[in-house]
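Grab a pencil and let's work through some exercises together. Try each task with the structure in view before you read the solution.

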Amino acid sequence: MKTKEIRIENQQELDALDINFKGKIFIVGTLDRIDKAYPNAEVHICEKAQIRNVYGSAQIRNVYGSAQISYVSGSAQISDVYGSAQIRNVYGSAQISDVSGSAQI
């Protein structure tokens, strides 16, 4: 069985997504926030995505390509940041596990 994949291009699409979505979520557009976990999904922020805030219980598997995140805070967790991705500010108990390539935090 093939893993279900969805591309998210704006905040309205993410807000409409069922929290129990199973599969891979590829965020490729501009979003104001990612503030919740999708426990049955892998969340990837990629391509030219622009995310203003990642917070709350958000869990991100990968940030890559030329994706940019302005703020990571709360108990948000990001596993891998690579490529030319950039994260500007990390606060509170937020966690970022691995950074490689020309990625910047």
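## Exercise 1: A residue in strand S7

Ile78 sits in strand S7. The model is a predicted one, so keep that in mind as you go.

**Task.** Decide whether Ile78 is buried or exposed, and list which residues Ile78 touches, not counting residues up to four places away in sequence.

**Solution.** 
- Step 1. The relative accessible area of Ile78 is 1%. Buried means under 20%, so Ile78 is buried.
- Step 2. Leaving out residues up to four places away in sequence, Ile78 touches Ile60, Val63, Ile69, Val72, Ile87, Gln95, Ile96 and Ser97.
- Step 3. Val99 lies 21 residues from Ile78 in sequence, and their C-alpha atoms are 9.9 Å apart.

## Exercise 2: The nonpolar core

**Task.** Find which residues touch the most other members of the largest nonpolar core, and which element gives the largest share of this core.

**Solution.** 
- Step 4. S2 gives the largest share, 4 residues.
- Step 5. For a view from one member, take Ile69: apart from neighbours within four places in sequence, Ile69 is in contact with Ile45, Ile51, Val54, Val63, Ile78, Gln86, Ile87 and Arg88.

## Exercise 3: The whole chain

**Task.** Work out how many helices and strands the chain has, and how the radius of gyration of the chain stands against the globule rule.

**Solution.** 
- Step 1. The chain has 1 helix and 9 strands. Starting at the N terminus, the order is β-α-β-β-β-β-β-β-β-β.
- Step 2. The radius of gyration is 12 Å, close to the 13 Å that the globule rule gives for 105 residues, so the chain is as compact as a globular protein of that length.
- Step 3. Along the principal axes, the C-alpha atoms fill a box of roughly 35 × 25 × 25 Å.
- Step 4. Of the 105 residues, 37% are buried. The chain exposes about 5800 Å², with carbon and sulfur atoms supplying 43% of that area.
- Step 5. Now look at contacts between residues at least 6 apart in sequence: 3% of them join residues at least 24 apart.

## Exercise 4: Salt bridges

**Task.** Count the salt bridges, then say where the partners Glu47 and Arg7 lie in the chain.

**Solution.** 
- Step 1. The cut-off is a side-chain nitrogen of Lys or Arg within 4 Å of a carboxyl oxygen of Asp or Glu. By this rule the count is 4 salt bridges.
- Step 2. Glu47 and Arg7 form one of them, with their closest N and O atoms 2.9 Å apart. Glu47 is in the loop between strand S3 (41-45) and strand S4 (50-54), while Arg7 is in strand S1 (residues 5-10), so the pair links distant parts of the chain, 40 residues apart.
- Step 3. Both ends are partly exposed: Glu47 has a relative accessible area of 39%, and Arg7 has 45% relative accessibility.
- Step 4. Asp15 and Arg33 meet in a salt bridge as well, at 3.3 Å from N to O. Asp15 belongs to helix H1 (residues 11-16) and Arg33 to strand S2 (residues 23-34), so this pair ties together parts 18 residues apart in sequence.
- Step 5. Asp35 joins the picture too, in a network of salt bridges that links Asp15, Arg33 and Asp35.
- Step 6. Arg61 and Glu42 make another salt bridge (3.3 Å, N to O). With Arg61 in strand S5 (residues 59-63) and Glu42 in strand S3, the pair ties together parts 19 residues apart in sequence.

## Exercise 5: Phi and a surface patch

**Solution.** 
- Step 1. Most residues other than glycine have a negative phi.
- Step 2. Ile105 is found in the segment after strand S9 (95-99).

Terms used
Residues are numbered from 1 along each chain as its sequence is written. This is a predicted model: local features need pLDDT of at least 70, side-chain atom pairs count only at pLDDT 80 or more; totals for chains, interfaces and linings use all residues. Side-chain values use heavy atoms; hydrogens and water are left out. Helices (H or I, at least four residues) and strands (E, at least two) are DSSP runs, numbered from the N terminus. The radius of gyration is taken over C-alpha atoms; the globule rule is 2.2 Å times the number of residues to the power 0.38. Buried means under 20% relative accessible area, exposed over 50%, partly exposed in between (1.4 Å probe, protein chains only). Contact means heavy atoms within 4.5 Å. Accessible areas come from the Shrake-Rupley method with a 1.4 Å probe; for residues, only the protein chains shown count as cover. A nonpolar core is a set of buried Ala, Val, Leu, Ile, Met, Phe, Trp, Tyr and Cys residues joined through side-chain atoms within 4.5 Å.
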